[in-house]
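Work through the exercises below with the sequence and the model at hand. Each task is followed by a solution in steps.

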Amino acid sequence: MVKSRDAAQNTGLSSIRFPVSVDGVSAHDTHSGGAAFVDGQGRPVFTTGTALMYDSSAAPAPASVTGSTTTSTASYATASRVSYAVTSPARVTAAADESALDGPAPGARSSAMDVTVSDDVLTLKPARSFLDDPDTTYPVVLDPQTTSASLAGWTTVWTSSPSTSFWKTSHALGVGYDAWVDNKMARSLYQFDTHTLGGKKILSATFQALEVWSANCTDKAVQLWRTGAISSSTTWSKQPAWSKQVDSVSTAKGYSSSCPGGNVSFDATDAVSYTAGQSGSTTTLGLQAADESDPIAWKQFASPSDHKPTLSVTFVSKPSTPTGVKMSNPSLACGSTLATAVVIRDATPTLTAAPKSADGSQSTLRPNFEVYKYDADATDPLAGSGSPSAWTTSGTAGTWTTPTLTNGQTYHFRARTQYKYTFDGKTGNMYSGWSTNCWFKIDTSRPVQPDVDSTAYPECASPDSPDDCTAYGGVGAPGSFTLKANGATDVVKYTYQLNDNPVQTKTFSTATTSYTRSLAPDVRGLNTLTVQTWDSAGNASASYTYSFKVAPGAGPVDQWSMDEGTGTVAADSIGGKDATLNGGAVWSDKARLGKALQGDGTSAYAATASSALDTTKSFTVAAWVRLTGNSHNAVAVAQSGANGSAFALYYSTSYQAWIFNQYTADVASPTIVRSISTTTPEVGVWTHLMGVYDAQEQTIQLFVNGVPQGDPVAFTTPWQATGGIQIARGQAGGTFTDYFPGQVDEVTAWNRILSEEEIADLQAMTDASTGHARPALAADWGMEETSGTAASDSSGYGHTATVASGGTWTTDTDGGKGNVLSLNGTSTANATASGPIVDSQGDFTVAAWANLDTDALSDTSVAHHMRIATQSGGVRDSWGLWYDQAAGSAQGMWVFGRTSADTTSASVVKVPADIASAQLVDPGTWTLLTGVYDGAHHQLFLYVNGVRQGAQGDTDTEDSTGDGVVFDTPWQATGTFNIGRGRISTGAYSDYAHSLVDDVRVWTGVMSDTDIDQMYSNEAPIPL
């Protein structure tokens, strides 16, 4: 504090030095009257606001409503400030000196100070003109305004200081025309982190700020606007776009006891709805006077340093596609295709579905149904639609009975969730996407419906409420089921379908009243067995669905995680059959999870001393593998006998494919039965292999990345291999051979077959304790370089990217991202690395931060396309993240997409599926894009700023496209990985990005919603 005009003459005031000590950060001058201390990646950890000097001038006595002059007390309703007496300069006291340190009073004159900073000292340079100005009232406070960095920001802009930033100022935020002190116009802005509202239906949003001073008690309008983002660069001359006025409130608070200071509330619903609809990371609100030339409209609001404004939002989550879509009466599972349509005798069936919402018991839901009549020659016409009259909560089934349908006709129906919400006296509705179709056929002349009995898996008495049923057995555990003609005397054929598996048929030469079959359930929870019987004349009965609940399957019997990292033993954490490393086998940090076994392709392996699996019974064996060479056959895992392996999972050079095989006998030259991959093996990427022997069906089946490869292959001569498990080698002709070049990880064995959910969990490496997927980082370009043409990959896999001449290194101090790659939108604006990075046929995740150049997108007469990250093949990209902006629009959409083949005529499947289902965005802000391909479920997902993208149902349109997009034709691209470009339909590279890019990463495996949102929260840039 400078207490007097005499003290201001001290020459030491020309430059005031504050000592600084840093640890793990470095000083950075923001060139806006402030300083930042940034980490090793150039990201701010701690900032100062604009350094201000302010005097002790009292607020002038403005004209009252009647034009008279008064002196009053302005009260600040804040936690940290006391009330200030508005007095003349002659009455300044020591008490006033002390209170001045709490911050500038409403009438205080102020000026920004120059600031320089180093790792040792922060230097303030007070403005001599301000200290010498005869209108300056002492004492004068010199305030460097230190504040910790946060995602929220605020600022004010003044006409009197058009190039000065007041970022995170502790000065009160002015609005309107200040004719009393600085003869300036001021506007104020507030920025909130609202990324978690992405995709929500915003019912209400209220912005509330504390008004601490007004010119008098006459209400004057102050407007609330939705604006562009703000940062430390925001000044009067560099204001964000004032995009839309969303509210206006006439008020006067803080002049006297007649209108004391207090909160002012604004309706911000329109602004928050807009940013939520874009999955925007922030919502920025601006205040300005309705009449910026009226001095009576001048107001001041408390600085957020002292009293935080609030943004209170009421919202509902969009509903999800219903589950349990089936028939209720008769109780039948869905036929998923026309060929598997169930047959019923009832012309007015009752349908059921359980509506779903993330709001759980707080939601009011019901299913909507649509029934369509199958027509082979035209678009299937709608035969009826409706909903139950009763509303339920999430997960509680509702039913609806169809109108009378036609005998002999095939139909299909679908369901969606309707969410009814009431707010502020008004009722609205949201809708999920539609479920897949459920097919059925009506035939009232069919024989009597059959029946099923099973003591191993008793029938569920309430299949519409499976939570009320008792689970028996386990996934993969066989049980006996008796299919009964139920009194019919002429049944000669039984057909049955377990869940969605292929329909099986058993035909007899004479009439048979029952048929017993051993079946192994393959779904955890509710299973269905749908049965029909046929008489000798070819007439089929009505279908009967036997519903039963199955307990989770037994865990693996052996598991070698390969996570030791030291020593020569790979422990079997379950079965105790430890494997010993031999032949030069070592540990590798390149692993699907933790550590892995490193094979050299010539002699390295690990083996157990005894056998692990009974290979005469059903079993499953799986491993993660990463080939580093493909010049010879390479076995990942096998179980040896005397002369050969009972089974082997391996790469075949002759077939150029992954193979799961079994020998017909333990002899030197056996017949080999093979299940061969339809996907293409690739060197240098992690791939999941799984082999299944089904003793009941007498078949073997290879799965690659969770997807079955072709049809099951018949195998009828199993034999017990008594030798040990061989990891990274096989056995043939009595000799160990085919050593694996590369890494093998997470070798696991079960004495049963697995369910689809379990297989999907294996691809995701789901943590059983948390339910979260565990992806493995395959590439990480942090863009921390400052020179050169190489972008290093910190993943350990060495995918160094080469930056072309159109890419330059820059430091994004304003946006808070630190060191980044800048691409100029030309054909040389890219960075490329040798691919592939991941197995594009399996689960993977890609993420990148991008900040598009708005000037490059400003011409709305043409469409714009900018690729951020892509994986190229020969002529097309297998997959990529990009931005599309249609002609005539200033907004665009972020996209994650894949092509159906490596041809110029291939189709593109993307999420969002089209512009109608997209959440349009304003370019020009840092955005985290995350694309996920769930290969086990054939689904594409896109996340923007941590929020999954999907159309939200709407009261007016009643439309929604749901979340994920189905994609079931993945192909392995082996070309370059590209940052800032991609291949278009002609096969040429194009769609060059004019953008800042940072933190481009790729993972093997899917990343969970929770972890993607957390990634955004951890990395969201903090503007300086």
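**Exercise 1.** Find the handedness of the disulfide between Cys 217 and Cys 259.

Solution. Step one is the torsion about the S-S bond of Cys 217 and Cys 259, which is about -80 degrees, so this disulfide is left-handed. Step two is the place in the chain: Cys 217 lies in the loop between strand E16 (201-214) and strand E17 (220-227), and Cys 259 lies in the loop between strand E18 (242-251) and strand E19 (262-267). The pair therefore ties together parts that are 42 residues apart in sequence. Step three is the distance, S to S 2.0 Å; a disulfide here is a pair of cysteine sulfur atoms within 2.5 Å. Strands (E, at least two residues) and helices (H or I, at least four) are DSSP runs, numbered from the N terminus.

The model is predicted: local features need pLDDT of at least 70, side-chain atom pairs count only at pLDDT 80 or more, and totals for chains, interfaces and linings use all residues. Residues are numbered from 1 along each chain as its sequence is written, and side-chain values use heavy atoms, with hydrogens and water left out.

**Exercise 2.** Decide whether Cys 217 and Cys 259 are buried, partly exposed or exposed.

Solution. Take the cut-offs: buried means under 20% relative accessible area, exposed over 50%, and partly exposed in between (1.4 Å probe, protein chains only). Cys 217 has 28% relative accessibility, so Cys 217 is partly exposed. Cys 259 has 7%, so Cys 259 is buried.

**Exercise 3.** State how many disulfides the structure holds, and describe the others.

Solution. There are three disulfides. One joins Cys 334 and Cys 438, with sulfur atoms 2.1 Å apart. Its S-S torsion is about -110 degrees, so the disulfide of Cys 334 and Cys 438 is left-handed. Cys 334 sits in the loop between strand E23 (319-329) and strand E24 (342-344), and Cys 438 in strand E31 (residues 438-442), 104 residues apart. Cys 334 is partly exposed at 23%, whereas Cys 438 is buried at 1%. Another disulfide joins Cys 460 to Cys 469, S to S 1.5 Å. Cys 460 is buried at 7%, and Cys 469 is buried at 11%. Counting bonded cysteines along the chain gives the pattern 1-2, 3-4, 5-6.

**Exercise 4.** Classify the ring pair of Tyr 190 and Phe 207, then that of Tyr 651 and Trp 658.

Solution. Rings of Phe, Tyr and Trp (its six-membered ring) pair if their centres lie within 6.5 Å; planes under 30 degrees apart count as stacked, over 60 as edge-to-face and the rest as tilted. The whole structure has 33 aromatic pairs. For Tyr 190 and Phe 207 the centres are 5.0 Å apart and the planes at 55 degrees, so the pair is tilted. Tyr 190 lies in strand E15 (residues 184-193) and Phe 207 in strand E16, so the pair ties together parts 17 residues apart in sequence. Tyr 190 and Phe 207 are both buried. For Tyr 651 and Trp 658 the centres are 5.9 Å apart and the planes at 75 degrees, so the pair is edge-to-face. Tyr 651 and Trp 658 are both buried.

**Exercise 5.** List the buried residues of helix H4 and name the residue that follows the helix.

Solution. In helix H4 (residues 756-764), the buried residues are Glu 758, Ile 759, Ala 760, Leu 762, Gln 763 and Ala 764. H4 is followed by Met 765, whose phi is positive, near 50 degrees.
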